[in-house]
Amino acid sequence: MVKLLGPAEVRELAQHLDLSPTKKLGQNFVIDGNTVRKIVAAADVAAGERVVEIGPGLGSLTLGLIEAGASVTAVEIDRRLAALLPETIAAMGASEGSLTVVTADAMDVAELPGDPVALVANLPYNVSVPVLLHFLEHFPRIGRGLVMVQAEVGERLAAGPGSKVYGSPSVKAAWYADVRLAGRVGRQVFWPAPNVDSILVRLDRREAPGDETERMATFELVDAAFGQRRKMLRQSLSPVLGAAASDILERAGVDPTARGETLGVAEFLAVARASRAA
Ligand code: SAM
C-alpha cells in the first residue's frame, strides 16, 4: 500500500537534503494528503494511465498519482530533488517501475518517456503559464490536465471574453483546451506557506481551431492586442497588420474600434486568416 507524505515526512525529507526551498523555483511543497487526493480526483486519473507531473518536488503529488494506479513521468529541474524521488516513493511503498524521472527544465523538454495522456501538476508559480502552454503545444497526446496554480493566474486562464481578467493566457489556453476552475486551495496545505492563494484548473483538450501556421499568426495577434489592451484593435494590431489593419479586421467581421478583450479565440483566428488572404 502506498502512503502519502504528511508534514512530518516532508520535514524529514527536507532535513535529509538540508533543503531551503527557493522562491525562484516556486518550491512550496504540499504537506496534506487530502489536498493531494482532491487534485488526483479532479484530474480523473485512472489506474494504468501514464501521467506527466511537472515539478514533483519531494513527491507529495507523485505518490497520490501512484496510489490511484497511474505511472508517472516526473520532470524536475532541481537535481537533488530529482535524485531523491525514486528513493522516497520506494520508502512509501510504491513500486519503482511506476516512476520515470526526467531531470530537466520543463521548458526544454521535447520528448516524454511513456507518452503520457494526462498532465497533473502543482506548477511552479513563476513559470506556470509558459510551462503549461509549452506542454499543450508539444505533446498533443496529452488529452487533459489538472494543474494547481496561483489563484489569479488560474482565473485568468479560465476567463472568457469580456471578463476583466481575460488576457493572452486565456486565449492561448482556449486554442488547445476547454478550461475551467476546479476548486480553491488554502495556503496552509503547503510548506513553506506561499503568500498567495492557489486554485485548481482543469483542461480538456479540444480539436485545435486551425493549423500550426494559423496558431502562430493568431498568437502573434493576441500578444499585440493584449500588449496594448486599452487601445482599439486597429491601433494595437497595426504593428502586425500594417496600414491595412482596419480593412483586415472588417474583412474578418471584427469591429476595428473594438478592444482585444472582447474577442474570442475564433475571432482572433478569423483576423489571422483575413490577414493571410490580404
Ligand atoms: N509537486 C510538489 C508538491 O506538490 O509538493 C512540488 C510543487 S512546487 C510548487 C514546484 C516544483 O517545480 C518544485 O519541485 C521545483 O523545484 C520545480 N520546478 C521549478 N521550476 C521548474 C522547471 N522550470 N522545470 C521543472 N521543474 C521545475
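D115 is found in the loop between the strands β4 (99-103) and β5 (118-122), where helices (H or I, at least four residues) and strands (E, at least two) are DSSP runs numbered from the N terminus. D115 has a positive phi of about 55° although it is not a glycine. At 41% relative accessibility, D115 counts as partly exposed; buried means under 20% relative accessible area, exposed over 50%, and partly exposed in between (1.4 Å probe, protein chains only). The model is predicted: local features need pLDDT of at least 70, side-chain atom pairs count only at pLDDT 80 or more, and totals for chains, interfaces and linings use all residues. Residues are numbered from 1 along each chain as its sequence is written, and side-chain values use heavy atoms, with hydrogens and water left out.

A positive phi, near 55°, also occurs at D18, a residue other than glycine. D18 belongs to the loop between α1 (7-17) and β1, and its relative accessibility of 66% places it in the exposed class.

The ligand is surrounded by 22 residues, of which V30, G55, E76, A106 and N122 are the closest; a residue is near a molecule if one of its heavy atoms lies within 4 Å of it. This shell divides into eleven nonpolar, seven polar and four charged residues. In this division Ala, Val, Leu, Ile, Met, Phe, Trp, Tyr, Cys and Pro count as nonpolar, Asp, Glu, Lys and Arg as charged, and the others, Gly among them, as polar.

A polar side-chain atom of D105 lies 2.9 Å from a ligand nitrogen, and a polar backbone atom of I77 is 3.3 Å from a ligand nitrogen. For A106, a backbone N or O atom lies 2.9 Å from a nitrogen atom of the ligand. The elements that give two or more residues to the shell around the ligand are β1 (29-30) and β3 (71-76).

K172 lies in helix α7 (residues 168-176) and is buried, with a relative accessible area of 11%. The side chains of K172 and D223 are joined by a polar contact of 2.8 Å.

A cis peptide bond, with omega about -10°, joins W191 and P192. P192 is located in the loop between β8 (190-191) and β9 (198-205).

Note on methods: A polar contact is a pair of N or O atoms within 3.5 Å; within protein, one must be able to donate a hydrogen and the other to accept it, and residues adjacent in sequence count only if both atoms are side-chain atoms.
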